[in-house]
Amino acid sequence: AYQMSGQLARAYATLAAAQREGIADMVAPRTRLSGALCFIHWMAANLLRMLQSAEQTITLSQATDQQRESLGWCHYFLAIGFYLHNDLAAAELHANAVQEERIACHRITVVQSAIVLAAIQQARGQPEAARLALDRVNSFLVEIRSEGLQPLVQAFAAELAAMQGDLDTA
């Protein structure tokens, strides 16, 4: 809330205070707090710190099998961060990590990572592979009865169609 109201320093201070609490010594809360930094860095457009926080959170998440959702979020943040740095191979690696663990990951990260994969394929000049990435995530959403997220996929599919010159579909 602090970050969204323009109080970035207060948002960082709140997380820093939480990290000093005794409960933050436990792996699960420490992982969540570290992951929360990714959101703040993303919103503040600090990609370098977002990547650093995501990598740190992945290290923490791997210490316990109970933090697979946090692991998914951090792979998503790494995927978008590397994509924005034009490191398509690293972005693809992390987006695929979310797809491989899609049952354990938050649905939003699954959808957004599929969109990153589609963007990567489009950037590589592989429009069919880009559309396939979106088709797969749509099928997954139907399978898990989360059709409410399909408009997000459809919106990017329209953007993708426009990028591919298919204005009738867009």
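Visitor: Where do Trp73 and Tyr76 lie?
Guide: Both residues belong to helix H4, where they are three residues apart, about one turn of the helix. Helices are DSSP runs of H or I with at least four residues, strands are runs of E with at least two, and numbering starts from the N terminus. An α-helix has 3.6 residues a turn, so residues three or four places apart point the same way. The model is predicted: local features need pLDDT of at least 70 and side-chain atom pairs pLDDT 80 or more, while totals for chains, interfaces and linings use all residues. Residues are numbered from 1 along each chain as its sequence is written, and side-chain values use heavy atoms, with hydrogens and water left out.

Visitor: How many aromatic pairs are there, and why is the pair of Trp73 and Tyr76 called edge-to-face?
Guide: A search of the whole structure finds five aromatic pairs. For Trp73 and Tyr76 the ring centres are 6.1 Å apart and the planes stand at 80°, so the pair is edge-to-face. The rule is that rings of Phe, Tyr and Trp (its six-membered ring) pair if their centres lie within 6.5 Å; planes under 30 degrees apart count as stacked, over 60 as edge-to-face and the rest as tilted. Ring pairs also link Phe39, Trp73, Tyr76 and Phe77 into a cluster.

Visitor: Are Trp73 and Tyr76 buried or exposed, and what makes H4 largely enclosed?
Guide: Trp73 and Tyr76 are both buried. Buried means under 20% relative accessible area, exposed over 50%, and partly exposed in between (1.4 Å probe, protein chains only). In H4, 13 of the 17 residues are buried, so the helix is largely enclosed by the rest of the structure.

Visitor: How do you know that the length of H4 agrees with its number of residues?
Guide: The expected span of a helix is 1.5 Å times one less than its number of residues. The 17 residues of H4 (residues 68-84) should therefore span 24 Å, and the end C-alpha atoms are 24 Å apart, which agrees. For helix H3 (residues 47-61), 15 residues should span 21 Å; the ends are 20 Å apart, so that agrees too. Buried residues of H3 include Leu47, Met50, Leu51 and Ala54.

Visitor: What makes Trp42 partly exposed?
Guide: Its relative accessibility is 31%, so Trp42 counts as partly exposed. Trp42 sits in helix H2 (residues 27-43). With Met43 and Leu84, Trp42 makes a nonpolar surface patch of about 300 Å². Patches are made of residues with over 30% relative accessible area and no salt bridge; like charges are joined within 9 Å, and nonpolar side chains (Val, Leu, Ile, Met, Phe, Trp, Tyr) within 5 Å.

Visitor: Why is Asn86 called exposed, and what is its phi?
Guide: Asn86 has 60% relative accessibility, so it counts as exposed. Its phi is near 65°, a positive value in a residue other than glycine. Asn86 lies in the loop between H4 and helix H5 (88-100).

Visitor: Where is Arg145, and is Ser146 buried or exposed?
Guide: Arg145 is in the loop between helix H7 (127-143) and helix H8 (150-163), and has a positive phi of about 60° although it is not a glycine. At 72% relative accessibility Arg145 counts as exposed. Ser146 lies in the loop between H7 and H8; at 7% relative accessibility, Ser146 counts as buried. Leaving aside neighbours within four places in sequence, Ser146 is in contact (heavy atoms within 4.5 Å) with Arg107 and Leu141.

Visitor: How many salt bridges does the structure hold, and what makes Glu92 and Arg124 one of them?
Guide: There are two salt bridges. The term requires a side-chain nitrogen of Lys or Arg within 4 Å of a carboxyl oxygen of Asp or Glu. The side chains of Glu92 and Arg124 meet at 2.8 Å, N to O. Glu92 is in helix H5 and Arg124 in the loop between helix H6 (107-123) and H7, so the pair ties together parts 32 residues apart in sequence. Glu128 also forms a salt bridge with Arg131, with the closest N and O atoms 2.1 Å apart. Both Glu128 and Arg131 lie in helix H7, three residues apart.

Visitor: How many helices and strands does the protein chain have?
Guide: The protein chain has eight helices and zero strands. Buried residues make up 44% of its 170 residues.

Key: Areas by Shrake-Rupley, 256 points an atom, 1.4 Å probe, with all protein chains shown as cover.
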